Amino acid sequence: MRWLRAVAVSALLLVPPRLAAQGGTGTVSGTVVDAQGARPLSEVAVSVAGTDRRTVSGADGRFTLTNVPAGTRTIRASRPGYAAAEQTVTVAAGATATVTLRIGQSAVALGEIVAIGYGEQERRNVTGAVSSVSTETLERTPVASIDQLLQGTAAGVQVTQASSAPGGGISIRVRGSGSISGSSEPLYVIDGFPIENDADASSPGSGGRETASVPSNPLAALNPQDIESVEVLKDASATAIYGARGANGVVIITTRRGRVGRPQLSFDVYTGTQSVANRYDLLDSRQLAVAINEASAEQGQAPIFNQAFIDTLGAGTDWQDQIFRDAPIRAIQASVSGGTGGENVTRYAVSGGYFDQEGVVRGSGFERFSLRANVEQGIGARLKFGTNLSASRVNTSFIPTDGESNRRAGAVGAAIQAYPFLPARLEDGRYPYQGRDLALVGVPGGLAADLVNPLSLANEVTDNLGDTRLLGNAFGELQLLRGLRARVTLGADYASRFRDTYYPRATRRGEEAGGEALRGRAEILSYLNENTLNYEGGFGDAHQFTLLAGHTWQSNENQRSSTGASGFVNDITTFDDLESATVFARPTSEREKWTLESWLGRVHYTLLDRYNFTLTGRYDGSSRFGAGNKWGFFPSAAVSWLVSEERFMESVGAIDELKLRASYGVAGNPAIRPYQSLARLTSTTYSFGGVPVSGYFPVGVANDDLTWESTTQLDVGLDVALFGRATLTADYYNKRTDDLLLLVDLPSETGFARGLLNAGSVQNRGVELSLGVDVLPGEPRGRSLRWSTNLNFARNRNEVLELAGDNEIRASTISDDFKLGGTLVRVGQPIGVFVGYRTAGIVRDQAMADQLNAQFSNRVTGQAYRPGDVIFADVDGNDTINTLDRTIIGNPHPDFTLGWSNSVGFGGFELSTLLQGSFGNDILNLNLWRLTGGDLATNVLAERYEDRWTPENPDARYPRFGVNTVGAGTTDYNDLIIEDGSYLRLKTVSLAYSLPDRWLRGRGFSSARVYVTGSNLVTWTDYRGFDPEVSSFGGGNLNRGIDIGAYPSARSVIVGVNFGY
Amino acid sequence: MKIEIKRIRALALALLAAAPLAACGSDLTEVPYSFVAPENFYRNADDALAALSGAYDGFQADVDALGVDDTEYYGRHYWMLVEYPTEVMTLRLGATNERTEPDIFRVHPGHTYIAGVWQSAFHAVNRANAVIDNVPGITNMDPALRDRIVAEAKFLRAYHYFNLVRLFGGVPLYLNETKSLDDLRRARSTEAEVYQAIIADAEAAASVLPPSYTGNNRGRATSGAARSLLAKVNLQYGAVGGGGAAAFQKAEQWAREVVASGRYSLLGSYAAIFDQNNENNAEVIFDIQNTRVPGAGGHMCDQFAPRPQPSQGDFPWCDSQNPSFSAEWPFFYSYHPNDTRRAATWLLSYTKKSGATVQWDSAALAVNAYGSSGPIPQKYIDKVPGSQDGAEEPNFILIRYADILLSLAEAINENSGPNGEAYGLVDQVRARANVPPLVAGLSKQAFKDSLFLQRRYELAMEGHGHFDSQRNWAWAKQRIESVSTNAMRTFWNRPRPAGCGSCIARDSSVPKVTLTLDDHHRFYPLPQEAIDVNPLLVQNAGY
């Protein structure tokens, strides 16, 4: 507090006497209208610059400000989504001045109001790094889930669609990964309700999948069309108010609410179609038979196929054609909102929506019903009550598409691997699979990978996920004194999720098990209570304060259970009649709970309307931590200086606004499951004399010291507005996370493999730039060409600074079939780099082979080099190729990410585009393990065969056919399957036409628009898989950037209409 | 500024209203629902027995929470480390495969199997430690039962340390439960210190444990099991661990006590010992109790069963995926023609689900029809259709009476030379297998060699192979170098049968391995990952 007093005293010294000397107050009244001057606008914040005088315009756009200090005053009007307007007015003591303010919608919104957590603020006064995501385009470029909104639209926010399956998981990083073992997903705050989007904790089970299956996305239950604004809090000043949960960034989502005025009815509907954007080019039957013979000869074996047989072969089955389809997508949404003014103000917004998406892989799909009601009732001027309620139901058909190889393969992985020899279905309707049935088409089965029939998975498996979610809160707000408001919120987030899975006999798994059914259930209930006091005030003309103090409490309880059965008489009753089965899986159940209690406070002080100081602190106590370390304090401090308000800047006409910001502070990341600090015993089964008994044994060591990860962040930023039409925001940040919640290896002699403790540090540093330009400003629907553009750029450098004791950690195995080790975490490197052998081309000819053999002994393959072999780099220079030559061969983190949106309009037409890209990241494309590997167990990438080494093609891209290209030993891979994952994508193109007002008036419409939108139309990339935006292991920090049979992304075209009444 | 009293009252009211809400979250103590914490466990006899069952379950090591895979100990890796490095057993894969490395004495510190066994055995030790530390404090239970439970846990701890000291030499001794994350690292104790700790535990167990159990307690450690363990431990200690003559004397004494107890006998039929319908029979002294309940059964079908071509689903009893063990041919063909153990040890024929009967046919090398590279061991294959991995019925016999008879003969030979009693013991075992008696007049060393050869036939694939080699190293070294190498040559150079398009092609480029065993091969290297985590561990010489 001494610090604060010092600031206050020095601030007083800075106050120019001119302002302090004036006396008397007057009144300002007026109207706010839209840019065309046509319509009055309600709910616009109107304030007198440099004072605490502020109000909100009424239904007729009118406002009155009393007690305005006399003198020349700047009146400012702002509303979310609109560019602020300012007007100067002379206020005389005891008199009323009148003013009309015009505000227009703009891509360059300086004076907008942004949500900052437990309050909102005019952007000009914000001291932290806060990105606002435009939701304006949402009406014509719909997204399926709210997290997709962030893609390419906010600098420093990297969105990865981990699985492109409808309802599939998404992973978001705000300014990089700050954790290793814990979660790095941001905190979501939806209408004030904090949601830790923990896909694992809320998962109703894996549907019997063994590996590499991305959990479904819990946020998919929320309807993005209800969103009014999205803010991403990035630096410590902004996130510290969320204390222990702020370290990964905070996404604040505010849903639409009513505005005082006549009821607004709106109706949106769209429909479209999607198709697979990209496919693997593979060999057909005949080509593959020839290739296999060639490989067989290479290995000194007799040909597998004779020529007569080859002559009978045609193209065979294109499995990708079999499982992919063009799939419809459609949505409909209706809403009504409005409010009544007067003494007791009522506002309401009610909406209902339906969204239905079939997946581009047969059998997959997603459907959502949602309802929302946001209601607010004022009782007099000082008291109001309100509620935000949403209810939704999601049904996902989550058939096995993702997955590994062999028997674990999903439909997608199997479709790209399967030999084309077998038909998709036999004449009797059965699905043949190459692990058993190749003999039916005269092909020997000895080599074939033991794959399932892809089409049988897509067509026959039932895997239904249901998610019913109720998210609501009720609040009461009382103005205790002028400027002092107390607010009490009670909220609950309830989700009931299930997963019912059945493998019928038509699938291989079902055939072997006699039908297999699984049922999983999860219930998540979170309660919230928040009590805050907010004071806005000031003294004199120069000093404005906003004070916040509060106490909050949140608890979260998850319950999960699963059961299953197999050995059914038939496939009729499936998971709905488990007792008819003969074999029962071991049931499981689990329940966990955490509680978080917090005290929070924020002081925001504006001096002379240009110097802003913010102090934020949150004191959080969490049940998740060790007995001795449950409480933590997370402070931050920030300043901003509106240089443009200084007198010396008055002559610089080009600069409308120039603000410098700096912040420093600490936020935390709880990042762990409950109970990790406790000693734990778990149950197991043994038997004596053939009778099973339950036993218990220790699985966890107590750690009373366990506590949060703490992230200290420095942010220096700059906001500039130029020429009335351009804004630039630039930030540099340096974020260091210490006390990582690290799952470290313990000496296994202790009886434990791993323990969770606080150790190690990670750093994320970077720059972010956002540029917005109204290149050709114009009124909406005006008769001139309009063009606005927004560009954002972010570069983040991630580095592990320290680990506990060891210098490296290896992530868990990425492939059980191939026994490939996980990514590496090593001090001095980014988190989760790929490790393997570096290759150095192909042995051109015998002379080169002789030369290599003279120099190196190759203990990896145990063989001498021959022409056409892959050359391994001797990294350690000891003339032997062995495990010591394994090195870092790829980095899954991008060098930088880009988003560029453009909007061009003329008359009623509006063309908008979004380009988005990621550059410099590597992907481990495990699909190529077999498609280019040369073990002949699967189909082969056409390019692998066509550009193979032969004596005639010594400069081939690939080695001779029949040698293992990608492996090295049995548990390592090399850089031939590490691919550059850089891409630039035309994410959306949308053309909309707004019908002219003259057509609408008299018919009751206030607006009507038709549009056509294409998504994912073009992707420029060298990546050979379906889509470079992939992460088969979901949202964790380790094993990112790996593609194992991931669901392909879809290209879609939709047409839609919006009507407003 | 004028502040009205009314407003102050409103403020006070609001704060009062909020206060109870604020108070409700103040307790941040975690209450677990789905697991047991030590604070509310170890409170009565049921808890003590459950903790002991958890310790027995250490043999089945199937808990992902600890990072232990269910194949890492007796599920698979233990067998590979103990059986491959003999002239009895090999596998179908080439020299570069990690599974082949134990077979050809190329295990390096980074090998995952030694790490798995190291981890599993020490985890099992900690489970036993938890019982030994916590159960004595339980007051409201029968003291006799309490003592028995602690004695059983000591037997288990001794058994796992016995495995560790035989595989790795001296290992660190952890004789208390790990309860915090501080001071976890310890240096290796000497081999002798480990043996003495094992002997102390086993002797404590032998003095407390009952001679037998009935009903649902069958399969627990008995005094006979503890004495048998003491016989085996002392034999190993005498031959390998520096225990010398005194240890051999002890070994003889303990083995005699087991024989004299009259509780055990050789079954008439060798095959009957391993019949899954004849478990806990008179020859079994201690075994891992498996049953057909997921998590409480074995995994060996998956590892042993041949993979029938073209469909691996065609094996009659279980779904084989990783046929990992097969006989080395010279050993397979070296049985005495009348020896009943060959057919009982190796699966010579079976009928596929699809109907065809396949016969192991050495002449035609009909690998394809049989489905694996050589005859596979059948002792622990669950032969009831539909068995599941991890839920296989057959118990793994760790100590059986024939082993103790041969151990007694071995100890007598060490102490007194090959006398008539020693001959009698060996001949008892030979006779049961329908093999003629041992030739008379052997020297001490010749008798020893012949006894060890008998152990190979009698105890093949029962988890003794390499440990036996350790006790008669020169003999084992010579045998493995000559017999094993030949076997691999034959195997790897075998051409694919003509006309069989779908037969698995062998990699003809696999280099020929000449095995040269060195003394350091008697022990495995310490796992590199253990040394990385605990730098106090010093690697074995030669690695």
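**Helix pairs and a cavity**

Modeller: Start with handedness. H8(B) passes H14(B) in a left-handed crossing (left-handed: the near helix is turned anticlockwise from the far one by less than a right angle; right-handed: clockwise). Helices here are DSSP runs of H or I, at least four residues, and strands are runs of E, at least two, numbered from the N terminus. Residues are numbered from 1 along each chain as written, while chains are lettered from A and ligands numbered from 1 in the order written. The model is predicted, with local features needing pLDDT of at least 70, side-chain atom pairs pLDDT 80 or more, and totals for chains, interfaces and linings using all residues; side-chain values use heavy atoms, without hydrogens and water.

Colleague: At what angle do the axes of H8(B) and H14(B) cross?

Modeller: Two packed helices are described by the angle between their axes and the distance between the axes. Helix H8 (residues 244-261) and helix H14 (residues 401-416) of chain B cross at roughly 140°, with axes coming within 9 Å. Axes are lines fitted to C-alpha atoms over the stretch in contact, and angles run from 0 to 180 degrees between N-to-C directions. H8(B) and H14(B) are therefore oblique (under 35 degrees is roughly parallel, over 145 roughly antiparallel, 65 to 115 roughly perpendicular, the rest oblique).

Colleague: Which residues of H8(B) and H14(B) meet?

Modeller: Contact means heavy atoms within 4.5 Å. Among them are Phe248(B) and Val259(B) in H8(B), and Tyr401(B) and Leu408(B) in H14(B). The H8(B) contact with H14(B) has twelve nonpolar, two polar and three charged residues (Ala, Val, Leu, Ile, Met, Phe, Trp, Tyr, Cys and Pro are nonpolar; Asp, Glu, Lys and Arg charged; the others, Gly among them, polar).

Colleague: How do H5(B) and H6(B) cross?

Modeller: H5 (residues 143-168) and H6 (residues 191-208) of chain B cross at roughly 150°, axes within 8 Å. That makes H5(B) roughly antiparallel to H6(B). Their crossing is left-handed. The contact includes Phe155(B) of H5(B) and Ile198(B) of H6(B). By class, it has 13 nonpolar, no polar and seven charged residues.

Colleague: What is the angle between H4(B) and H5(B)?

Modeller: About 160°, with the axes of H4 (residues 112-134) and H5(B) 9 Å apart. H4(B) and H5(B) are therefore roughly antiparallel. The H4(B)-H5(B) crossing is left-handed. Trp118(B) of H4(B) and Leu164(B) of H5(B) are among the contact residues, which divide into 17 nonpolar, two polar and two charged.

Colleague: How many cavities does the structure hold?

Modeller: A cavity is a set of points on a 1 Å grid over the protein atoms alone where a 1.4 Å probe fits but cannot get out; lining residues have an atom within 4 Å of a point. The structure holds 18 of 30 Å³ or more. Gln158(A) and Ser918(A) are among the lining residues closest to its centre. The lining has 14 nonpolar, 18 polar and seven charged residues.

How values were computed
1 Å grid on protein atoms, 1.4 Å probe; cavity = no way out; pocket = protein on both sides within 12 Å on 5 of 7 lines; lining within 4 Å. Points joined across faces, edges and corners; volume = space filled by probe spheres on them.
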